[in-house]
Amino acid sequence: MQSFLIMACHYLEISTWIGITDQAMEGVSRSVTTGERMPYTNWGGPPDNYRGNQHCRTLNYGGRGRWDDDTYSKKFTFICEVSGY
Ligand SMILES: [Ca+2]
Ligand SMILES: [Ca+2]
């Protein structure tokens, strides 16, 4: 999945929501769509769960393809996973 996300965001240099969250269990990244675990270690900044309120993963923070955790209330470009294609 990570390689797809990097390809999809190749020309973007802005933070992008990628449909992954640790809302259910802090520190455990899972797909919002499938619940599949999405372990990842190439963070652009520490996944610090700032103020206990950062449960969404973004791509392209601190370098292209790198992840960050952030709050739901921020507005970023997004990528959604759909089935049936
Ligand atoms: Ca979190
Ligand atoms: Ca953070």
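1. Two strands count as paired if DSSP finds at least two bridges between them. With that in hand, take S1 (16-21) and S3 (56-59) in this predicted model. Three bridges join S1 to S3, and the two run antiparallel. Look at Trp17 for a way in: Thr58 in S3 stands opposite Trp17.

2. Which way do the residues of S3 point? Cys56 and Thr58 go one way, Arg57 and Leu59 the other. In a regular strand, side chains alternate between the two faces of the sheet. Are these four buried or exposed? Cys56, Arg57, Thr58 and Leu59 are all buried.

3. Asn60 counts as buried because it has 22 C-beta neighbours inside 10 Å, and the cut-off is 20 or more.

4. Asn49 also has a positive phi, about 50°, again without being a glycine. You'll find Asn49 in the loop between S2 (30-31) and S3. Asn49 has 13 C-beta neighbours inside 10 Å, so it counts as partly exposed.

5. Last, the loop between S1 and S2, where Ala24 sits. Ala24 has 9 C-beta neighbours inside 10 Å and therefore counts as exposed. From Ala24 to Gly35 it's 11 residues in sequence and 9.9 Å in space, C-alpha to C-alpha.

Definitions and conventions: Residues are numbered from 1 along each chain as its sequence is written. Chains are lettered from A and ligands numbered from 1 in the order in which they are written. This is a predicted model: local features need pLDDT of at least 70, side-chain atom pairs count only at pLDDT 80 or more; totals for chains, interfaces and linings use all residues. A residue is buried if 20 or more other C-beta atoms lie within 10 Å of its own, exposed if 12 or fewer, and partly exposed in between; C-beta atoms are placed from the backbone.
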